[in-house]
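Here is a friendly walk through one structure, with its aromatic rings, its sheet and a pair of backbone angles as the stops. Have your viewer ready.

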Amino acid sequence: MAMGVGTSKILGKIHYAEMKIQDKFFPCSVTVMEDDKVDFLFGLDMLKGHQCKIDLKKNRLIFENAGIEVPFLPEGEIKRGFGIQKPKPNESSSLKSGGAQIGGFPEEDVKKLVDMGFSKDQAIGALR
């Protein structure tokens, strides 16, 4: 169980993934949560690990060691979900729809995660 602003069941962990920010790659670990209210949290552990600085005056996240600055999104531009829907245990209609499947999940959902930089196996593991 993970706790912070709320609580959520931990489904698993991806121990190593590379996150691309601008033209740089940053190693990170990802905890996969049951709650789908937030797509991704860049937590304090990653901020410290990559020696980031939050500059509220410039409205940017600064990766000093990598020499990059990333502007924060305005509230109205923050996406709430990537459109990936995990099938519920009693819902098999999406599996019967005849759409292409990869690892028992809609091909489109797996492709969205792969496009974000995850391998196919990591994407399928995250959807489980």
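Phe26 is buried, with a relative accessible area of 7%; buried means under 20% relative accessible area, exposed over 50%, and partly exposed in between, using a 1.4 Å probe and protein chains only. This is a predicted model, in which local features need pLDDT of at least 70 and side-chain atom pairs count only at pLDDT 80 or more, while totals for chains, interfaces and linings use all residues. Residues are numbered from 1 along each chain as its sequence is written, and side-chain values use heavy atoms, leaving out hydrogens and water.

How many aromatic pairs does a search of the whole structure find? It finds 2, where rings of Phe, Tyr and Trp (its six-membered ring) pair if their centres lie within 6.5 Å, and planes under 30 degrees apart count as stacked, over 60 as edge-to-face and the rest as tilted. The rings of Phe26 and Phe63 have centres 4.7 Å apart and planes at 40 degrees, so this pair is tilted. It links distant parts of the chain, with Phe26 in strand E4 and Phe63 in strand E6, 37 residues apart. Helices (H or I, at least four residues) and strands (E, at least two) are DSSP runs, numbered from the N terminus.

Phe63 is buried too, at 1% relative accessibility. Phe42 and Phe63 form an edge-to-face pair, 6.0 Å centre to centre with 65 degrees between the planes. Phe42 sits in the loop between E4 and helix H1 (44-49) and Phe63 in strand E6, so the pair ties together parts 21 residues apart in sequence. Phe42 is partly exposed, with a relative accessible area of 22%.

An open sheet is formed by 3 strands in the order E5-E6-E7, with antiparallel pairing; two strands pair if DSSP finds at least two bridges between them. Strand E5 (52-55) and strand E7 (68-71) are the edge strands, each pairing on one side only.

Strand E6 (residues 60-63) is joined to E7 by 4 bridges. Within this antiparallel arrangement, Phe63 stands opposite Ile68 in E7.

## Two positive phi angles

Gln22 has a phi near 55 degrees, a positive value in a residue other than glycine. Gln22 belongs to the loop between strand E3 (10-21) and strand E4 (24-33), and is partly exposed at a relative accessible area of 47%.

Asn59, also not a glycine, has a positive phi near 60 degrees. Its place is the loop between E5 and E6, and its 39% relative accessibility makes Asn59 partly exposed.
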